[in-house]
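Here is a short briefing on one protein chain. Keep the sequence and the 3D view open while you read.

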Amino acid sequence: FDMKTIFKSILKENENIHFTLAGTLVEKTIIEKTLDLDSNLFSNIKSFERSELEKLLIGKKVAIFPSYIEGFGISIIEKLSAGIPVVAYAVSGPEEILKPLKKLLLVNVGDKLEFSKKVTFILKMSDLDYERLSIKCLEIANKYKWQKIANNTLSFYKKKLREIRN
């Protein structure tokens with residue numbers, strides 16, 4: 001389980017960190033045992049309403065997404081939309097979304113120590129560097145607005161229909 005190693009490595013470099021896990025669907029005691037983490041080091045939000053997400057992200061500096069399989073990555077875009085960088089494994093979905101910041105945010109699948117290093121690097125960034133990164137995250141998220149995607153899809157279909165008719 002990668003999260004255990006990642007969290008332990010992050011804690012070695014950032015003693016005063018507090019993790020927030022959201023949407024786990026399990027009790028805090030299960031996470032505490034699975035990750036071998038003191039319960040004081042993390043909060044567990046078992047589930048939440050979609051309308052609560054924005055409030056949950058306030059004050060968060062970096063998100064982690066060590067998934068081996070991901071179809072698209074809506075949760076990544078949600079974090080980027082809040083200006084929060086997301087460190088993720090370079091798998092389908094995250095790899096495409098985070099391509100503009102691949103050197104900073106993407107990690108080879110299974111490289112837990114490199115994953116931790118990237119998270120720690122972001123946590124230790126100067127305020128100015130973090131602000132610049134946050135702006136880049138917002139720019140990436142802006143590419144994935146539903147209205148924009150819908151318009152692009154509609155244009156593509158119209159073009160194909162014209163080609164078929166001709």
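The points below run from the overall fold to single residues.

This is a predicted model. The protein has nine helices and five strands. Of its 166 residues, 36% count as buried.

**Overall layout**
- Along the sequence, the elements follow the pattern α-β-α-β-α-β-α-β-α-α-β-α-α-α.
- Taken along the principal axes, the C-alpha atoms fill a box of roughly 65 × 35 × 30 Å.
- Take the contacts between residues at least 6 apart in sequence: 49% of them join residues at least 24 apart.

**Nonpolar core**
- The largest nonpolar core holds 43 residues.
- Within this core, F7, F19, I76, L80, V87, I97 and L98 touch the most other members.

**F7 and F19**
- Five aromatic pairs are counted in the model.
- In one of them, the ring centres of F7 and F19 lie 4.1 Å apart and the planes meet at 15 degrees, so the pair is stacked.
- This pair links distant parts of the chain. F7 belongs to helix 1 (residues 2-13) and F19 to strand 1 (residues 19-22), 12 residues apart.
- F7 has 3% relative accessibility and therefore counts as buried.
- F19 counts as buried too, because its relative accessibility is 8%, under the 20% cut-off.
- Beyond its neighbours within four places in sequence, F19 is in contact with F7, I10, L11, L37, L41, F42 and S43.

- Y68 and Y89 form an edge-to-face aromatic pair, with 5.3 Å centre to centre and 70 degrees between the planes.
- Y68 sits in the loop between strand 3 (63-65) and helix 4, while Y89 sits in strand 4 (residues 86-89), so the pair ties together parts 21 residues apart in sequence.
- Y68 is partly exposed at 44% relative accessibility, whereas Y89 is buried at 0%.
- Ring pairs join Y68, Y89 and F115 into a cluster.

**Lysines over rings**
- K28 lies over the face of F42, 4.9 Å from the ring centre.
- K61 places its charged end over the ring of Y130, 5.0 Å from the centre.

**Helix 8**
- Helix 8 covers residues 127-142, which makes 16 residues.
- From first C-alpha to last, helix 8 reaches 22 Å, close to the 22 Å expected at 1.5 Å a residue.
- Which residues of helix 8 are buried? They are Y130, L133, S134, C137, I140 and A141.
- What do the buried residues of helix 8 pack against? Their partners are helix 4 (74-81), helix 5 (94-97), helix 6 (102-105) and helix 7 (112-123).

- S9 is in helix 1. Its relative accessibility is 14%, so S9 counts as buried.
- Not counting residues up to four places away in sequence, S9 touches L113 and S116.
- T120 is in helix 7. At 8% relative accessibility, T120 counts as buried.
- With residues up to four places away in sequence left out, T120 touches I10, E13 and N14.

**Positive phi outside glycine**
- L25 has a positive phi of about 65 degrees, although L25 is not a glycine.
- L25 is placed in the loop between strand 1 and helix 2 (28-35). At 63% relative accessibility, L25 counts as exposed.
- D36 also has a positive phi, near 55 degrees, and is a residue other than glycine.
- D36 is placed in the loop between helix 2 and strand 2 (42-45). At 45% relative accessibility, D36 counts as partly exposed.

Methods. Residues are numbered from 1 along each chain as its sequence is written. This is a predicted model: local features need pLDDT of at least 70, side-chain atom pairs count only at pLDDT 80 or more; totals for chains, interfaces and linings use all residues. Side-chain values use heavy atoms; hydrogens and water are left out. Helices (H or I, at least four residues) and strands (E, at least two) are DSSP runs, numbered from the N terminus. The expected span of a helix is 1.5 Å times one less than its number of residues. Buried means under 20% relative accessible area, exposed over 50%, partly exposed in between (1.4 Å probe, protein chains only). Contact means heavy atoms within 4.5 Å. A nonpolar core is a set of buried Ala, Val, Leu, Ile, Met, Phe, Trp, Tyr and Cys residues joined through side-chain atoms within 4.5 Å. Rings of Phe, Tyr and Trp (its six-membered ring) pair if their centres lie within 6.5 Å; planes under 30 degrees apart count as stacked, over 60 as edge-to-face and the rest as tilted. A charge sits over a ring if NZ of Lys or CZ of Arg is within 6 Å of the ring centre and within 35 degrees of the ring normal.
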